[in-house]
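Today I opened my notebook to look around a protein model one spot at a time. Here is what I looked up, in the order I went.

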Amino acid sequence: MFYCVVVFLYLLCFDGLASNQSVKKWNQYMLINGIMIDCSRTIEKHEYYFQLLEFMSEWGMNALLLHFSDDPGLAIELPGFENLALRNAFSVAEIKKLITFGQEKGIDIIPELETFGHTKYITAKPEYAHLYAGPADRDDWFNAIDPLSSETHELVGKLMKNVAEIFPSEYMHVGCDEVNLKSYSEERGLDKDEVWTNYVNKIIGKAEGLNKKAMIWADHVANTYAWMGRECNDELISGTLSKNVILVDWRYEEDIEDTVIEKLKGKSFNHIISSPSLACYRYRFFPTSIAFENTRKMALFSARNKIMGVINTIWHPARYLRDSLYYGIAYSAEVVAGGGNVKFLDFQKKFSLKTFGVPLSDALKVFLDSWLETNISEDLLQEFGNDAPSFSGEHLERLKEINASGRKALAASESFKPGKNHEIWNAFIVSAKAAWIFSEYFIVSQTNDQNRLEILKRDLKLFKKEIEREWDRTRFEDSNEKSSCNSNDENLYVLQIMNKLISMASRV
């Protein structure tokens, strides 16, 4: 009997050792375990980025991709280009302090400068309007800067040099995703994919001339988002694009496969990073079960294919409550470090201790599990974006499921008291309320219960004030995103969703 116990313990230890060795082997390949933050579309209060680096360091992350440029403007006042900067942008001195703090925490801050698409921060300015190369209506989300103009090359070269002088990272992300050259190329009798590839190769060369390794988003190379006129000849692109480039493979669905990575590797692209999303167009308020499953799969594919690592993305922060994202960031750190494998209960226990300073309680577990299922998803948001949204059939059933999950989460929240980080916990609760009240309105509107409707009208107004307080605590009160949306995101920011619900309720 004693012998059997010894053998069992040996095998158990050996299995644990083998598992740890597997993770270590993965970590030898994984150069990068990080996140991307979209500070071009919403700039958080600057102290947040220091807090974020602290949190990332505690969870073993080593890279922050700073998406500081996009159509709205630059989140850094680059010398000589201050007119391209947003209100509340970082000064050079401030961003250098952040870079130094990141270095102290073992986190490399990688800059992302949009150099092709998403460049209305340049072409929306009168002095550069002639460099616009997107659709004629200029309102299209997918735009471009003129890739054939010598002025473009000179201007982008200066911007890249400026960025290289500020950021010591060996990497520079140069964007190049979602470029719409269809009408531009047709007017000139050119092949849009050939134009795209020739320009991107020159941008890669500029980065290499600055002693930087260029990263680009991989959607054109992999033809992963062939809709809205963005079909790509990936064979042409793959045949001529520089193999020195680092491809960042972004895919945000639950049902993804690793065939994309296999395809890219088969075309001799050996520098690849997976890029799931904790916050994107597909849901609102907080990371949901969709985000967690997408992250798990992308981490698993990265380990299986021994690629460079994972950078998880946080897009359009105005769609979310800032501090509700910490749970997803921590999960991403853990599941990437584990090569796509993590015992979820163990993660929850670790999160509770590290973030809230107390052991995982039954109430917190119920909240966290229910919270992830309170998912205002893309199909619901698309209907909500209509002038007179109406939900029925499967959508109404889904709203009822969200409502039940929200009620369960909010009921459980009353029994949990964190030992620290009370403000983060409050953001969790407020985000759960946001998803619940969204579902509640459309369920109530299907009934003739006037008493319940009047209660909801009152609750909506009170809750809007609660969200505004959360916004003002975490973000600049004069942010454009607090009171308005980009045209393509109409009614889809956190506060605009509440405004629309209040307006709709007042007419019932």
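Entry 1: I began with R452, which counts as partly exposed because its relative accessibility is 27%. I noted the rule for these words: buried means under 20% relative accessible area, exposed means over 50%, and partly exposed lies in between, with a 1.4 Å probe and protein chains only. R452 forms a salt bridge with E440, and their closest N and O atoms are 3.1 Å apart. The term salt bridge here asks for a side-chain nitrogen of Lys or Arg within 4 Å of a carboxyl oxygen of Asp or Glu. This pair links distant parts of the chain, with R452 in helix α18 (residues 450–474) and E440 in helix α17 (residues 422–444), 12 residues apart. Helices (H or I, at least four residues) and strands (E, at least two) are DSSP runs, numbered from the N terminus. Is E440 buried or exposed? E440 is buried, with a relative accessible area of 5%.

**Entry 2: what I am looking at.** I reminded myself that this is a predicted model, where local features need pLDDT of at least 70 and side-chain atom pairs count only at pLDDT 80 or more, while totals for chains, interfaces and linings use all residues. Residues are numbered from 1 along each chain as its sequence is written, and side-chain values use heavy atoms, with hydrogens and water left out.

Entry 3: How many salt bridges does the rule give? The count comes to 32 salt bridges. I reminded myself that side chains of opposite charge can pair when their charged atoms come close. In one of the pairs, the side chains of K158 and E154 meet at 3.5 Å, N to O. Both K158 and E154 lie in helix α5 (residues 150–166), four residues apart, which is about one turn of the helix. K158 is partly exposed at 46% relative accessibility, and E154 is partly exposed at 49%.

I then turned to R282 and E378, whose side chains meet in a salt bridge (3.7 Å, N to O). That pair links distant parts of the chain: R282 is in the loop between β11 (277–279) and α11 (289–305), E378 is in helix α15, and they are 96 residues apart. R282 is buried, at a relative accessible area of 16%, whereas E378 counts as partly exposed at 24% relative accessibility.

**Entry 4: strands side by side.** I looked up an open sheet of three strands, in the order β3-β4-β5 and with mixed pairing. β3 (69–70) and β5 (85–90) stand at the edges with a single partner strand each, so one side of each is left without a neighbour in the sheet. Two strands pair if DSSP finds at least two bridges between them. Strand β4 (residues 73–76) pairs with β5 in the parallel sense over two bridges. Here L74 stands opposite A85 in β5.

Which residue of β6 is the bridge partner of L65? I110 is the bridge partner of L65. Strand β6 (residues 108–112) is mostly covered, as four of its five residues are buried.

Entry 5: I502 has its place in helix α20 (residues 494–506). I502 counts as buried, at 19% relative accessibility. The C-alpha atoms of I502 and L65 are separated by 37 Å, and the two residues are 437 apart along the chain.

**Entry 6: two positive phi values.** Most residues other than glycine have a negative phi. S268 has a positive phi, near 70°, and lies in the loop between α10 (259–266) and β10 (272–275). S268 is partly exposed, with a relative accessible area of 42%. K306 also has a positive phi, near 55°, and lies in the loop between α11 and β12 (309–314). K306 counts as partly exposed at 40% relative accessibility.
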